[in-house]
Amino acid sequence: MSKEGEITAHGKDGEATAPATAGILESTLASLDFDIEQLREKYRRERDKRIRPEGERQYVETQGKYARYEDFDPHAPTIVAREPIKSAVEILIIGSGWSGLMMGAHLKMAGFSDIRIVEKAADFGGTWYWNRYPGCQCDIESYCYLPLLEETGYIPSEKYAYAPEIFEHARRIGRHFRLYENAVFQTTVTHLKWEESQRRWLATTNRGDEIRARFVLHGPGPASHPKLPGIPGFDRFKGHTFHTSRWDYGYTGGDNRGNLTKLADKRVAIIGTGATALQCIPHLGAGAKHLYVFQRTPSTVDVRGNKPTDPDFAKTLKPGWQLERQKNFESIFFGADIEDLVNDSMTAAGKIMSAAYRESDPKRAAQLSELLDFKDMNNLRARVEREVKDPAVAELLKPWYRRFCKRPGFHDDYLATFNRPNVTLIDTSGSHGVERITENGVVANGVEYPVDCIVYSTGFEISTGWEKRIRVPIQGVGGKSLYEKWNRAAVSLHGYATHGFPNWFYVGLGQGAFSLNFTVVLEGQVRHLAYILAQARARGVTRIEVAPEAEKAWTELCKRTSGYDIELQKNCTPGYFNSEGKPGEGHSVVAEAYSLGVLSFENLLREWRERGGLQGLQMTAEPGRE
Ligand code: NDP
């Protein structure tokens, strides 16, 4: 069982403790088998072709006439009738993906019981409730990614568990911590309003509920709102369409393991080739009569190497093992020269990315970083050549950008899918993606491809503005909107709370730490928030508000220590890390974050708690105890 304060930074303020790497730059330069300037030029050309002047605005939201792409629940199409709730609770949790579940679990462990969880889906799981597409699987090692493994006594069956197992684990957490008795499903919070006279939030929902809550913990999740490409003619298509996060097995047949038998007589288009598409394209290729893959930017596709969990693995584990493993994973990404417990392609990429952190001279570090990345990407491009038989197709599948410009991809069957005679890659390189949708199909490079079904694998509102990400109108003191305040970027203390919005706590990616392993980010946040709420209870506090100077200081610290390199991001191919090619202008989730890593952040929060005094928080006791 992991304990408070066990996470420690691997060096002060996130500095790596690894030894210096004098000589690596020289030896790398001496063994170069490519022309640096030619590669740079190639990357520039490929990026420039993809930059769109409208940046993040190229996408359309799943609202209004497009709401069905998000609101239709293929897993529970019937809404279970119930009476509206008119009640008051101590703690309202909005969302029950990992954020809400982990928050609920930690609150229960801290002895809280007057909790109401409101969830749009028909069960727990968040992204793992919605995303059940064929091949859906976690891309971070399961032993690190699935939360609360020690607390629930569960060991994942594979190194990279598939979606049904992950969804079941979410349900396991719900059962283990008796969170089902606190939950109301198929319910969307439509408005949140602070009532100063009551010192409570009023949450209204699409089911006519009015729930008053002393404290609100809001965990909307980074990938809960699908986004759609603003392709002309988008709504003209007469065939079948859906977004990958609302997979329609009624239409395709099969399940998460494939067997999409109903597609045997169907021509299918998939738009998008990101992390999701890598996982479902092999199954679409196997099932469809013909599959057209519309690619704007190729993903990196490294080795997956999934394997069943060794039956003896559990016997080797000592209490605290999961936190140790997560900490090990994080340290690797900050250049620590330690045994790599996860030891997969993701951590290998992390080691290459962070090797330059050990160079103290910034110029040499930048040079080394670029060189190592070129070499790494050359290896990935060579993998494409090995896997794809047709050299012309292989050429189109090669990514020309630095690996961490986009979330790294991994798969062992994706590339070979393009060897199938019924799979055609339509690369839109040189244009801005798919040109048009018609009544009959998809137009790219001036050619119409008639299809029966279009699958949109076009991602989520991960890094677009806060209003698009959270979506619920939130009115704080004096009716002020959160989105007016967070219009350009979040301003908060430690990412979770902001002045003018008392008793409202945000759980998720923002101005806290960032990691490719989202659940480790949450683990630190929810422990910290459980501590704050326990302190409030002990002190009879009914109003907690961040002091303006505290959030100003935190925001300045995030900016001062930011590792978000605008110049480097400008050179990246467009994506959600760099606000679609306009770093600094949009709302990149990486740019806002505290850059020194999860471990440094955890250390900082632990020190804050140890200092006592709840520095930066204005705590007001209920009348009579003030
Ligand atoms: P992404 O945002 O990564 O990909 C969207 C895709 O749609 C891109 O290939 C994009 O091209 C393409 N696209 C957008 N507009 C157009 C257009 N007009 N014409 C043609 N193509 C277009 O979404 P994903 O769903 O793949 O992944 C989102 C995130 O979800 C991941 O980054 C990851 O964080 C998470 N995820 C996590 C998994 C896990 O195991 N934990 C598994 C899967 C996803 P372009 O690249 O050119 O923009």
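Q: Please examine the hairpin of β14 and β15 closely: how many residues lie between the strands, and which residue takes a positive phi?

A: The model is a predicted one. In the hairpin of β14 and β15, 2 residues lie between the strands, and Asn 445 takes a positive phi near 50°. The two strands run antiparallel, and 4 bridges join β14, residues 441-444, to β15. One of the pairings can be located by residue: Val 443 has Glu 448 of β15 as its bridge partner.

Strand β14 is also paired with β13, in the antiparallel sense, over 2 bridges. Here Val 443 of β14 has Arg 436 standing opposite. These two strands form a hairpin as well, with 3 residues between β13 and β14. Taken together, the strands make an open sheet of 3 strands in the order β13-β14-β15, with antiparallel pairing. Strands β13 (436-437) and β15 (447-450) stand at the edges; each has a single partner strand, so one side of each is left without a neighbour in the sheet.

The structure contains 1 disulfide. Its partners are Cys 405 and Cys 572, with a sulfur-to-sulfur distance of 2.0 Å. The two cysteines come from distant parts of the chain, 167 residues apart: Cys 405 belongs to the loop between α14 (391-396) and α15 (414-417), whereas Cys 572 belongs to the loop between α20 (566-570) and α21 (589-592). The torsion about the S-S bond of Cys 405 and Cys 572 is about -75°, and the disulfide is therefore left-handed. As for accessibility, Cys 405 has a relative accessible area of 2% and is buried. Cys 572 is likewise buried, with a relative accessible area of 2%.

Cys 136 takes part in no disulfide, and its nearest cysteine sulfur, that of Cys 138, is 9.0 Å away. Cys 136 is buried, with a relative accessible area of 2%. Cys 144 is also in no disulfide; the nearest cysteine sulfur is that of Cys 138, at 9.9 Å. Cys 144 is buried too, its relative accessible area being 0%.

The ligand is surrounded by 26 residues, and the closest are Asp 139, Thr 276, Thr 297, Lys 406 and Tyr 576. The shell divides into 11 nonpolar, 11 polar and 4 charged residues. Helix α10, residues 275-287, gives the most to this shell, with 3 residues. A polar side-chain atom of Thr 297 lies 2.5 Å from an oxygen atom of the ligand. From the backbone, a polar atom of Gln 137 is 2.8 Å from a ligand oxygen, and a polar atom of Gly 274 is 3.4 Å from a ligand oxygen. On its own the ligand has 920 Å² of accessible area, of which the protein covers 90%.

Terms used
Residues numbered from 1 in each chain as written. Predicted model: local features only at pLDDT ≥ 70, side-chain atom pairs only at ≥ 80, totals over all residues. Heavy atoms only, no water. Disulfide = S-S within 2.5 Å. Buried < 20%, exposed > 50% of the residue type's maximum accessible area, 1.4 Å probe, protein only. Near = heavy atom within 4 Å. Polar contact = N/O pair within 3.5 Å; in protein donor to acceptor, adjacent residues only side chain to side chain. Areas by Shrake-Rupley, 256 points an atom, 1.4 Å probe, with all protein chains shown as cover. Nonpolar A, V, L, I, M, F, W, Y, C, P; charged D, E, K, R; others polar. Pairing = 2+ DSSP bridges.
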